[in-house]
Structures are given as C-alpha cells and as structure tokens.
Amino acid sequence: MTIERASKAYGARAAEYTRILGNIDATAPADRELISSWAHAHPDGSILDVGCGPGHWTNWLHERGIDIEGVDPTPEFVDAALRRFPGVRFRVGRAEQLDVADSSLAGILAWYSLIHLSPDRMPEVLAEFARALAPGGGLLVGFFDGARLEPFDHAITTAHYWPIDHLSFLIEQAGFAVTAHHTRVDPGTRPHGAIVAHRGG
C-alpha cells in the first residue's frame with residue numbers, strides 16, 4: 001500500500017471519518033492516559049503528530065500545554081483540522097519525509113498512522129523518525145497487534161496487523177531503545193498495540 005493510495009482513500013471519506021472518529025470522546029480512556037503521560041514526559045521541545053488525521057489528538061495535547069504540530073498526507077484532513085482547531089499548527093506532510101531539521105524534535109506520535117504502510121517501507125519511515133528526533137527524544141506508536149504480520153480489509157483501505165515483537169525489533173534496528181509496550185482487546189475492536197521508545201544518544 002502506497003501512501004498516495006491511502007491518502008486518496010481517506011480523502012474520499014474525510015468528512016465521514018471526521019464526524020464519527022475525529023473527536024477525543026471517540027478515543028479510549030487508556031489511550032488518552034498513555035498519550036498524555038508520554039507527551040508530558042518530553043516537555044523540552046516540539047512534538048510532531050505524524051498522520052494526525054482530522055487533528056483531534058493534536059488539539060487535545062495542545063490544550064494541555066504541549067508544543068505540538070500535526071502533519072498528514074491527506075489535504076482534506078489538514079483542511080478540516082485547520083478549520084476546527086484554529087491556533088493549532090497543521091500542515092500536509094509525509095511520514096517518510098517530515099521536512100524538519102535533524103535532531104530537532106522532542107517527540108513523535110504515530111498513533112495508528114503507520115497501519116496502511118507497506119511493511120517493506122517501515123524501516124525507511126523509522127529511519128526518518130530517528131533522523132528528526134533529538135537524542136533521547138520519544139517515540140510512541142499505536143497499531144493493530146497480531147500474531148503474524150499480515151494484511152486485512154480495513155474500513156478505509158488495506159491495513160496490517162503487526163506482532164509487537166516484530167515491530168519492536170524494527171524500531172530498535174532504527175536506533176531506538178524500546179522502553180514499554182502495551183496490548184489489549186476492547187469489546188468490539190481489533191487487538192490494540194502500543195510501543196514506547198526513545199532515540200539513543
């Protein structure tokens with residue numbers, strides 16, 4: 001799955017997605033607790049919300065005093081975010097080309113924004129994250145956990161399950177130290193995974 005195809009698929013349903021899922025009340029309390037505590041652990045610099053979609057996580061963290069910018073490859077999402085959350089920074093951007101200086105970020109949030117990425121592109125994206133983060137900078141990735149790396153028919157376009165050990169290995173190969181991981185299955189949802197890591201010095 002190319003980023004262009006995924007962006008086009010989301011763009012076609014951006015209004016629907018924003019209406020149903022583009023607010024913080026649609027998120028799990030456990031995710032809000034994790035993301036908030038992670039973001040507040042990196043106060044000395046800017047966080048980039050990569051694949052921010054309609055911007056609800058970016059805005060929620062901004063309201064909590066986090067220096068944050070949202071980027072997304074789907075112009076329709078960025079337009080919606082700018083309309084809904086004036087005063088919060090959003091721009092069109094891609095995970096594999098963040099357009100920030102080397103070692104300039106305190107954190108990168110990639111919350112379910114890499115699920116449509118072709119697995120062979122994952123190392124490229126993680127290398128870009130490592131380039132952009134300052135030594136010690138934090139990474140938080142949310143994804144669909146699975147026993148095997150395999151595609152499935154997501155409501156928007158093809159996505160992938162990732163075994164947590166496999167994705168952790170790729171993150172470490174990119175120069176990060178994995179410090180925590182979380183898994184759970186909420187009623188009526190696919191298995192959830194999250195990995196917390198920081199860039200080595």
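Strand β5 (residues 133–145) contributes three residues, the largest share, to the lining of the largest cavity; strands here are DSSP runs of E of at least two residues, and helices runs of H or I of at least four, numbered from the N terminus. The model is predicted, with local features requiring pLDDT of at least 70 and side-chain atom pairs pLDDT 80 or more, whereas totals for chains, interfaces and linings use all residues. Residues are numbered from 1 along each chain, and side-chain values use heavy atoms, without hydrogens and water.

A cavity is a set of points on a 1 Å grid over the protein atoms alone where a 1.4 Å probe fits but cannot get out, and lining residues have an atom within 4 Å of a point. One cavity of 30 Å³ or more was found. The volume of the largest cavity is about 40 Å³, and its lining consists of Leu-114, Ile-115, Met-122, Val-141, Gly-142, Phe-143, Trp-162 and Leu-167.

Eight aromatic pairs were counted, defined by ring centres within 6.5 Å, with planes under 30 degrees apart termed stacked, over 60 edge-to-face and the rest tilted; for Trp the six-membered ring is used. Phe-85 and Phe-90 form a tilted pair, at 6.4 Å centre to centre and 35° between the planes. The pair of Tyr-112 and Phe-144 is edge-to-face, because the planes lie at 75°, with centres 4.9 Å apart. Tyr-112 lies in the loop between β4 (105–111) and α6 (122–132) and Phe-144 in strand β5, so this pair ties together parts 32 residues apart in sequence. Phe-144 is buried, at 10% relative accessible area (buried, under 20%; 1.4 Å probe, protein chains only).

Terms used
On a 1 Å grid over the protein atoms alone, a cavity is a set of points where a 1.4 Å probe fits but cannot get out, and a pocket is an open set with protein on both sides within 12 Å along at least five of seven lines; lining residues have an atom within 4 Å of a point. Grid points are joined across faces, edges and corners, and a volume is the space filled by probe spheres set on the points. Buried means under 20% relative accessible area, exposed over 50%, partly exposed in between (1.4 Å probe, protein chains only).
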